[in-house]
Amino acid sequence: MMNRLDPIQASKAFVNEYFPDCNAAVLAGSASRGEATPTSDLDIVVFDPGIKQSYRESLIKYDWPIEVFVHNLNSYVHFFEDDCKHGKPSMPHMVACGIVLKRSNELDQIRKEADLMLKKGPAPWSESTVALKRYMITDLLDDLMGSNDRGEDIMITAELSILLQEFMLRVNNRWIGSSKWMIRELKRFDPDYAEAFTEAFDQLYTSGDKAAVKKLVEESLQTHGGLLFEGFSIGKI
């Protein structure tokens, strides 16, 4: 593993061997940013007009774990739109921000499309969606504060952290993320808030003290209507 090819060399070798007739290819992910760790994989997006439908495949080649996302020159559109609809522009980000391994005029246009989507940001949440999310976060906070079971505390806290980061990013018209991208997107939005977020949840996980999380949730929701229980309704005619 110590003598393996560097990420770009390995990616180019992979594309040349397995997709020699492709139109274009891009290396995305941490390897493209020079942030690869010993457990990082290579995320490679391939555009091949010859395939009938898009697919994703995981392989190990050149001593690298590789995730390859294969599209023709039309199939990517659905994934761009679906990712943006859900507020997580994974595929647009990979294509727009990755390192070009094989260039074409079509790829240049696709990258422009992806970049425009990223800069535009997600569609604003409706008032009803904001209210629903406030209610869901309030409900989880109530459950957490009333819980006396350590296992339940951990599960509630995990769900609460996901919903809270989603709320703060979306009400501020920012993209959201999953897993490690949750905190990365929070840092892009507001480094100070991301630090407070991390410290509050770390305190709860390490010591069981819920006070910092309670304060963080209340302050996060305050400028958007605050905690919500009484008067919330959905589906009522």
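Student: How do you know that the sulfur of C97 forms no bond with another cysteine sulfur?
Tutor: The sulfur of C97 is 12 Å from the closest cysteine sulfur, in C84, too far for a bond. A disulfide requires a pair of cysteine sulfur atoms within 2.5 Å, and by this rule the count is zero disulfides. Accordingly, C84 is in no disulfide, its nearest cysteine sulfur being that of C97.

Student: On what kind of model do these values rest?
Tutor: The model is predicted, so local features need pLDDT of at least 70 and side-chain atom pairs count only at pLDDT 80 or more, whereas totals for chains, interfaces and linings use all residues. Residues are numbered from 1 along each chain as its sequence is written, and side-chain values use heavy atoms, with hydrogens and water left out.

Student: Why is C84 called buried, and what is C97 called?
Tutor: Buried means under 20% relative accessible area, exposed means over 50%, and partly exposed lies in between (1.4 Å probe, protein chains only). C84 has a relative accessible area of 16% and is therefore buried. C97, at 44%, is partly exposed.

Student: Is K133 buried or exposed, and what makes it so?
Tutor: K133 has a relative accessible area of 16%, and therefore counts as buried. K133 is placed in helix 5 (residues 127-146), where helices (H or I, at least four residues) and strands (E, at least two) are DSSP runs numbered from the N terminus. Leaving aside neighbours within four places in sequence, K133 is in contact with W125, E166 and F167; contact means heavy atoms within 4.5 Å.

Student: What makes the pair of D108 and R103 a salt bridge?
Tutor: A salt bridge is a side-chain nitrogen of Lys or Arg within 4 Å of a carboxyl oxygen of Asp or Glu. The closest N and O atoms of D108 and R103 are 2.7 Å apart, and the pair forms a salt bridge. R103 counts as exposed, at 53% relative accessibility, while D108, at 26%, counts as partly exposed. By this rule the count is eight salt bridges.

Student: How do you know that K119 and D115 meet in a salt bridge, and where do they lie?
Tutor: Their side chains give an N to O value of 3.0 Å, and K119 and D115 meet in a salt bridge. Both lie in helix 4 (residues 105-120), four residues apart, about one turn of the helix. K119 is exposed at 65% relative accessibility, and D115 is partly exposed at 30%.

Student: Why are K215 and E219 separated by about one helical turn?
Tutor: They are four residues apart in helix 9 (residues 211-222), and therefore about one helical turn separates them. The side chains of K215 and E219 meet in a salt bridge at 2.8 Å, N to O. K215 is partly exposed at 48% relative accessibility, as is E219 at 49%.

Student: Which residues lie nearest the centre of the largest pocket?
Tutor: They are D43, S90, M91, M94 and W181, and the lining comprises 42 residues. Among the elements that each supply at least two lining residues are helix 3 (90-97) and helix 7 (180-189). On a 1 Å grid over the protein atoms alone, a pocket is an open set of points where a 1.4 Å probe fits, with protein on both sides within 12 Å along at least five of seven lines, and lining residues have an atom within 4 Å of a point.
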